[in-house]
Amino acid sequence: MIGVLVSGGGTNLQALLDAGLPVVAVATNRRHAPALARASGIPTAAFELSDHPDRAARDAAMADWLEAQGARLVVLAGYMHLLTPAFLDRFPGAVVNVHPSLLPAFPGAHAVEEQLAAGVAESGATVHLVDEGIDSGEVLAQARVPVLPGDTPESLHERIKDVEHRLLPQVVSQLCAR
Ligand code: GRF
């Protein structure tokens, strides 16, 4: 039973749904995230920081809701906010994220631009456990992606996302089978 957190376009959410994985709830920190439109027939809820006294209160409310929907594993699919212990302690060892680099190289929100600026020949996708740090939890799986001459942040990110869309469902399906 999977809860998915989104903030953006939701192509990784789509990949989980297309793989037939048991997504029971989709939560967001951005009420108007386009990803929500992909969750047809699945309960969705928004937990914007401005609606709560602080981050811990927001995260606790989000954990309460996901748990009430039956979520036991939480997948961050383009969720662009750090999670506090108020959330992480509720799903110990069961929160994973997908990130567009070969971690521990290039953590953070601008990984694709930073890899191009650094002139790396190879990028990749990583699925990792989530802790309180920025993309710092244990790596579960990685796949390499070439950087091609003339790549823009957009073209490279698209190539990485194609790989994410295979890697994330694979790892999540293995975690579900545990
Ligand atoms: C992905 O590249 C993911 O690695 C990063 O944010 C992007 C989300 O894309 N954390 P989408 O919302 O799943 O389309």
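**Pocket, core and aromatic pairs**

The lining of the largest pocket divides into 15 nonpolar, 15 polar and seven charged residues. Here Ala, Val, Leu, Ile, Met, Phe, Trp, Tyr, Cys and Pro count as nonpolar, Asp, Glu, Lys and Arg as charged, and the others, Gly among them, as polar. The model is predicted: local features need pLDDT of at least 70, side-chain atom pairs count only at pLDDT 80 or more, and totals for chains, interfaces and linings use all residues. Residues are numbered from 1 along each chain as its sequence is written, and side-chain values use heavy atoms, with hydrogens and water left out.

The largest pocket has a volume of about 790 Å³. A pocket is an open set of points on a 1 Å grid over the protein atoms alone, where a 1.4 Å probe fits, with protein on both sides within 12 Å along at least five of seven lines; lining residues have an atom within 4 Å of a point. The volume is the space filled by probe spheres set on the points, which are joined across faces, edges and corners. The lining comprises 37 residues, and G78, Y79, M80, V98 and P100 lie nearest the centre. Two or more lining residues come from each of α1 (11-18), β5 (95-99), α4 (111-118), β6 (122-129) and α5. Helices (H or I, at least four residues) and strands (E, at least two) are DSSP runs, numbered from the N terminus. Helix α5 gives the most to the lining, with six residues.

The largest nonpolar core has 53 residues. Such a core is a set of buried Ala, Val, Leu, Ile, Met, Phe, Trp, Tyr and Cys residues joined through side-chain atoms within 4.5 Å. Buried means under 20% relative accessible area, exposed over 50%, and partly exposed in between (1.4 Å probe, protein chains only). V4, L5, L66, L83 and F87 have the most contacts inside the core. Helix α5 (residues 153-177) gives the most to this core, with eight residues. Neighbours within four places in sequence aside, L5 is in contact (heavy atoms within 4.5 Å) with residues including M62, L66, L83 and F87.

There are two aromatic pairs. Rings of Phe, Tyr and Trp (its six-membered ring) pair if their centres lie within 6.5 Å; planes under 30 degrees apart count as stacked, over 60 as edge-to-face and the rest as tilted. F47 and W65 form a tilted pair, 6.0 Å centre to centre, with 55° between the planes. F47 lies in the loop between β3 (44-46) and α2 (55-68) and W65 in helix α2, so the pair ties together parts 18 residues apart in sequence. F47 is buried at 8% relative accessible area, and W65 is buried at 18%. The ring centres of F87 and F91 are 5.3 Å apart with planes at 35°, so this pair is tilted. F87 is buried at 0% relative accessibility, and F91 is buried at 4%.
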